[in-house]
Amino acid sequence: MLRLALILGLLSAVGPFAIDMYLPALPTIAADLGATEAAVQATLTAYFIAFGLAQLIYGPMADAIGRKPPLLIGLVIFAIGSVGSIFAGSIGALSAWRFVQGLGGAALMVVPRAVIRDRYTGTEATKLMAMIMLVISVSPMLAPLAGSGVIAFSGWRAIFGALLVASGFSVALLLFGLPETLLPEKRQAPRLAPMLSGVRRLLTDPIFMALTFVGGFGMASFFVFIASASFVYTGQFGLSPTGFSIAFAINAVGFFGASQVAAPLGARIGIGRVVRLGVTGFAAMTLLLAGIALSGLASLPVIVAGLLVANAFLGLVIPTTMVLALDDHGDIAGLASSLGGMLQMLAGGVMITATGPFFDGTATPMLLAIALCGMLAAGLCWAVLGKDRVASEA
């Protein structure tokens, strides 16, 4: 399991690296390309939307031709988007090439989930997902620091050169390190009627949809933070790109640290209860932070510490909702993973777009938007999953 977790984690980390390594450069890109903060945030939205939409393609593809070919296709598309981003001459062109990057990076999110479902279910799958999360945790802790270093020595365009190198390494890892986990006799031809039937089955499953959007609103809160934090930390609080990278890494530590206890805690009290515990704690902490911001007491240490705790609760939610959402749909794991991933990424993109007009470069709108995500996740969780309907699936 450890070897598989390492390989899947490294592959899955490419997509987050394309986001996290890029964050310290947002103010620099705005100045260099003469763009507004909202326009630069739109380059992230473009990536998220493409990342979400493309997952609906890679899932059925993975069910039809196996897990490795879609990963290879995705990596090639990601590399093309990286090259285009290097030479982008305007913020519009950069958004377009980031969209292409997102189209490729989506494969590295959806297919590893299906690989997990091929091998494990329940608590064992949660354990593997948590191990993968540990590998991915390198991204928010090191990628911004690496990005700020690249900016200092070579400018923001070199970040995409580094991502191009990472995609090449991932191709080698895929070809020589990852076994094919979907046997030929279990593959399903990509016929439209069965796909629509599978989509209908998933969309009408209240547990699948609730778990998907509980995790989706949780992820959306992190997307809002990603889109806003570099401007808040460097603008309002005067941090350097390196200082921002350190603050961002601290905020991410809680998430990935807590994700490691999700599996053993789920084995002890039930995965469904872990979801409800995490969502409730996340909503409560983000509401507290929003209240502090509205009172004018949101200093940098308070924000960093508060988000550290809030993201720790979120770390209990994301891996468990991913696993539980697929548990009843092993026969269409690729489709379920892609549809769930698409809905989650779209939720994040919509939240950034909806809250962007209210962003004024300070922490208050960011924290209010994060609290809104927490309340939506908690309300959905307790409305649909609040009576131990999920605990029996632990």
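This is a predicted model: local features need pLDDT of at least 70, side-chain atom pairs count only at pLDDT 80 or more; totals for chains, interfaces and linings use all residues.
Residues are numbered from 1 along each chain as its sequence is written, local features need pLDDT of at least 70, side-chain atom pairs count only at pLDDT 80 or more, and totals for chains, interfaces and linings use all residues. Side-chain values use heavy atoms, with hydrogens and water left out.

**View 1. Thr320 in helix α15.** Thr320 belongs to helix α15, residues 300–327 (helices are DSSP runs of H or I, at least four residues, numbered from the N terminus). Thr320 counts as buried because its relative accessibility is 0% (buried means under 20% relative accessible area, exposed over 50%, with a 1.4 Å probe and protein chains only). The Thr320 side chain reaches the backbone oxygen of Val317 at 2.9 Å.

**View 2. Ile370 and its contacts.** Ile370 lies in helix α17, residues 363–384. With 4% relative accessibility, Ile370 counts as buried. Beyond its neighbours within four places in sequence, Ile370 is in contact with Ser221, Val224, Phe225, Phe282, Thr286 and Leu307 (contact means heavy atoms within 4.5 Å). Ala290 is 80 residues from Ile370 in sequence, and their C-alpha atoms are 8.3 Å apart in space.

**View 3. The two faces of helix α13.** In helix α13, residues 262–269, the buried residues are Ala262, Ala263 and Gly266. They cover an arc of only 95° around the axis, so they sit on the same side of α13 (the arc is that of the directions from the helix axis to the C-beta atoms). The face turned away from this buried side carries the exposed residues Ala267 and Arg268.

Conventions: A polar contact is a pair of N or O atoms within 3.5 Å; within protein, one must be able to donate a hydrogen and the other to accept it, and residues adjacent in sequence count only if both atoms are side-chain atoms.
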